[in-house]
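Colleague: I have not looked at this one before. Can you put it up and walk me through it?

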Amino acid sequence: MTLLKRLVLFTFLLTLAFPYQAFAYKIVLDAGHGGSDPGAIGVNGLREKDVNWDITQKVRDELKALGYEVVLTRKDDSYWALAQRVEFTNAQQADLFVSIHANAHPDGKTNGSMVLYYDNAYPQEDYPASETMKQLTPYSKDLAQHVLDSLVAAVGTKNLGLVPSAVYVARMGTIPSILVETAFLSQSSDAALLASDAVRAKMAKGIANGIAAYAPPLFTDTLTHWAREAIVRMQNKGVIEGMGNRYEPDRALTRAEFLTLMDRVFSFSEMKASCEPSGTVTSLVYGCQADDAEQSYKDLPTSHWASPVFAKAKKLNLLQGYSDGTIRPNQAITRGEVAYLFDHLLQLSATANSRQQAAPQPSFDDVPSSLWSAKAIYALQYKGLINGITDTSFKPDQTITRAEMATLLNRYYVK
Ligand SMILES: [Zn+2]
C-alpha cells in the first residue's frame, strides 16, 4: 500500500470512529523535569517531576478518549534535556505542544494556575525564539487561554492569567506551544491540591477539555509558509487536500496527485478527447488513439488509489505509458509537464471562440520556442497563471511543489 493510500484509509477509518472529526489531531504532551531533575520540592515533600508525570498521563488518557493522537516526550522517570524535548516534538509532525509543570515561589504564599506561551510582542533579547514560533504567537496564545480557562474552571484554583514567557520549550518549537503551571508546590493549600489524586484527575480533565475547546488551525505545516493564503483558499474550495492536518507544501507533487487535482478542476468525465494531432511527447498528450483496448500498466494495479483517475485521463488521451510498460503514478511531475497538461485541459474545456491566443513572446532563457512545452508555458504565463522561477528562468524540468501547484490553482480560480 502506498503511504498516501494508507493515510486515506486511515482518515476514512477515523471518520467512522469519530464522525465529528475528519482526522485525529496529534498532540505532544511533555511532563516537566524527570530523572535526576526533580523540579520543585513541595512544602509537603512532593516532587514536581512525579506530580507532572501523573497529571500528564491522566491528560493523555483523557485526550485519547476524546479521539486525539497523543505522544509523550519522556515516557518514564528519565531525564530529558530541554533541547531534546523540542527536537523530539519538531520531528513528530504534531498539531500542538503542551508542557505540564507545577510552580514554586520563594515567598511560600503565592498560589494559583497560570499558562506560559511565547509572545512576540515581548521579545527577550537573550532568549530569542525560533522564527516559526515568533509567527505562531496568536495560535499559542489562543491555546493558552482555552487551557487556562478550562483548568481554573475544573479545579477552582486562583487564575493568575497568561504569562508571555521565553521558557525554552515554549519558544523553540515549530507548532503552537504552551507550558501549564498547574498550581504552587511552595504554598500549602495548592500543594495539598496537588497531593490529591482526585484533584490531579480534575486538573487533567480541565487541561484536556481546554485543548479540545481549541480548534487547531488548518494545515499546521503551512502556518508560516509563503503560499499559505492560496493553500487555505484552495482547501476551502475543496480543490486540494492534505494528509490529516498537514499539507506538505514543499514536497514534490506526484503525477497521480496532479491528475486528481486536474479531474477536480476540469471534471474529466464531462470532457471530450481532442483528436487534433499534438506534438507527441513521451507519456503526455498523444492525440486520438484508434485502439480503445483496455490497457494496463504494470505499476498501476486497479487497487491503486489513483487508478480511476488514470483511467479517465486515458480516455482523454492525456497520458500514455512509458515504453517499459509503466505509468509511474508516484513520480514527481515537472513544471514543464504541468504547464503542458494544464494548458491542454484549458483548451479542451474552452469554447471554440475563446481558444484564440495571442502569440506570447519567449522570455525564459531555458524555454526556447522549440521546446515541446514552450507554447503551453508562454500561454499560461500570458494568462497570468504561471510565473518563472526568476524573470529569465522557468526551470521546466524541475519538479513542482505542492505549494506552487496550490498557487497556480488559486490564480486560475481568481481569474
Ligand atoms: Zn517545572
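Modeller: Start with the zinc ion: in sequence, its donor residues are spaced H-x14-E-x52-H. Donors here are N, O and S atoms within 2.8 Å of the metal (3.2 Å for Na, K and Ca), and water is not among the atoms, so sites may look incomplete.

Colleague: Which residues coordinate the zinc ion?

Modeller: His33 through NE2, Glu48 through OE and His101 through ND1, at 2.1 to 2.2 Å. His33 sits in the loop between strand E1 (26–31) and helix H2 (48–65), while Glu48 is in helix H2, so the pair, 15 residues apart, links distant parts of the chain. Helices (H or I, at least four residues) and strands (E, at least two) are DSSP runs, numbered from the N terminus.

Colleague: Before we go on, what kind of model is it?

Modeller: This is a predicted model: local features need pLDDT of at least 70, side-chain atom pairs count only at pLDDT 80 or more, and totals for chains, interfaces and linings use all residues. Residues are numbered from 1 along each chain as its sequence is written, and side-chain values use heavy atoms, with hydrogens and water left out.

Colleague: Back to the site. His33 and Glu48: buried or exposed?

Modeller: Both are buried. Buried means under 20% relative accessible area, exposed over 50%, partly exposed in between (1.4 Å probe, protein chains only).

Colleague: Which other residues of H2 are buried?

Modeller: Besides Glu48, the buried residues of H2 include Trp53, Ile55 and Leu63. Among the elements covering the buried residues of H2 are E1, strand E2 (69–72), strand E3 (96–103) and helix H8 (197–213).

Colleague: What span should H2 have?

Modeller: The 18 residues of H2 should span 26 Å at 1.5 Å a residue, and its end C-alpha atoms are 26 Å apart, which agrees. The expected span is 1.5 Å times one less than the number of residues. Just after H2, Gly67 has a positive phi of about 100 degrees.

Colleague: In what sense do E1 and E2 pair?

Modeller: They pair in the parallel sense, over four bridges; pairing requires that DSSP finds at least two bridges between the strands. Lys26 stands opposite Glu69 in E2. Together, E1, H2 and E2 make a right-handed β-α-β unit. Right-handed means that, with the strands pointing away from the viewer, the path from the first strand over the helix to the second runs clockwise.

Colleague: Different topic. Which residues touch the most other members of the largest nonpolar core?

Modeller: Met262, Phe268 and Leu409, out of 50 residues in that core. A nonpolar core is a set of buried Ala, Val, Leu, Ile, Met, Phe, Trp, Tyr and Cys residues joined through side-chain atoms within 4.5 Å. Helix H10 (255–266) and helix H14 (402–414) are among the elements that give two or more residues to this core. Apart from it lies another core of 39 residues, including Ile55 and Val199.

Colleague: What is Phe268 in contact with?

Modeller: Leaving aside neighbours within four places in sequence, Phe268 is in contact with residues including Leu259, Met262, Val309 and Leu345. Contact means heavy atoms within 4.5 Å.

Colleague: What phi does Ser267 have?

Modeller: Ser267 has a positive phi of about 50 degrees although it is not a glycine. Ser267 lies in the loop between H10 and H11, and counts as partly exposed because its relative accessibility is 25%.
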